[in-house]
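Visitor: I'd like a quick tour of this molecule's insides. Could you take me through it?

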Amino acid sequence: MKACVIFYSQTGNTRKVANVLIDELKAQFDEVDTFRIEAVDESNCFLCQCAGAVFKTRAKIKEIPADLSAYDLIAIGTPVWALEPTPAVRAYLGKISGVANKKVIIFATYGSGLGKSKCLNRMESVLRGKGVFSVKRFSIQQFKVNDVPFVKSEIKNCLERGI
């Protein structure tokens with residue numbers, strides 16, 4: 001069986017969580033591919049980036065595989081920006097195909113926690129619109145991303161919920 005982990009990370013928090021997830025999935029899948037979403041038109045101004053998230057803009061992103069039909073499990077991660085997924089993740093979600101009847105994990109890293117549910121709900125809505133069969137989710141607060149046992153336990157709880 002084959003899985004992939006796709007994520008955007010500006011500060012490294014989401015990358016850290018993605019790496020723990022990859023390690024956990026390697027115990028369950030024959031192959032785990034990793035793709036990092038990278039914006040090519042991203043501003044260095046964090047407030048400008050948050051405005052992009054609020055106004056639901058889509059960033060221009062570097063090409064990574066968008067046809068995910070070869071995977072049995074797909075995981076997609078984003079930081080929460082202004083209650084929303086990042087513009088780069090929004091752009092990628094708009095491009096993906098081959099996810100109908102697939103199992104998907106969505107995950108987010110966040111600061112205050114105020115917008116984590118809204119962000120994940122938004123991602124889930126897009127994926128359900130593309131015919132995704134099963135969506136599981138978890139989120140990690142930015143001050144917990146270095147606590148690997150905690151991150152592993154959140155991931156294991158997610159995986160045990162029936163992926």
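Predicted model: local features only at pLDDT ≥ 70, side-chain atom pairs only at ≥ 80, totals over all residues.

Visitor: How are the rings of Phe107 and Phe138 arranged?
Guide: These two make up the 1 aromatic pair in the structure. Planes under 30 degrees apart count as stacked. Here the planes are at 5°, with ring centres 5.3 Å apart, so the arrangement is stacked.

Visitor: Are Phe107 and Phe138 buried or exposed, and which strands hold them?
Guide: Both Phe107 and Phe138 are buried. They link distant parts of the chain, sitting 31 residues apart. Phe107 belongs to strand S5 (residues 103-110), and Phe138 to strand S6 (residues 134-141).

Visitor: Which residue lies over the face of Phe150?
Guide: A charge counts as over a ring only within 6 Å of its centre, and within 35 degrees of the ring normal. At 4.8 Å from the ring centre, the one over Phe150 is Lys144.

Visitor: Which element gives the most to the largest nonpolar core?
Guide: That core has 31 residues, and Leu68 is among those touching the most other members. Strands S1 (2-7) and S3 (73-81), helix H4 (116-129) and S5 each supply at least two residues, as does helix H3 (87-95). With 5 residues, the top giver is H3.

Visitor: How many residues are in the second, separate core?
Guide: Its members include Val17, Val20, Ala75 and Cys158. The count for this second core is 22 residues.

Notes. Residues numbered from 1 in each chain as written. Heavy atoms only, no water. Phe/Tyr/Trp six-rings, centres within 6.5 Å; stacked < 30°, edge-to-face > 60°. Helix = DSSP H or I, 4+ residues; strand = E, 2+ residues; numbered from the N terminus. Buried < 20%, exposed > 50% of the residue type's maximum accessible area, 1.4 Å probe, protein only. Core = buried A, V, L, I, M, F, W, Y, C linked by side-chain atoms within 4.5 Å.
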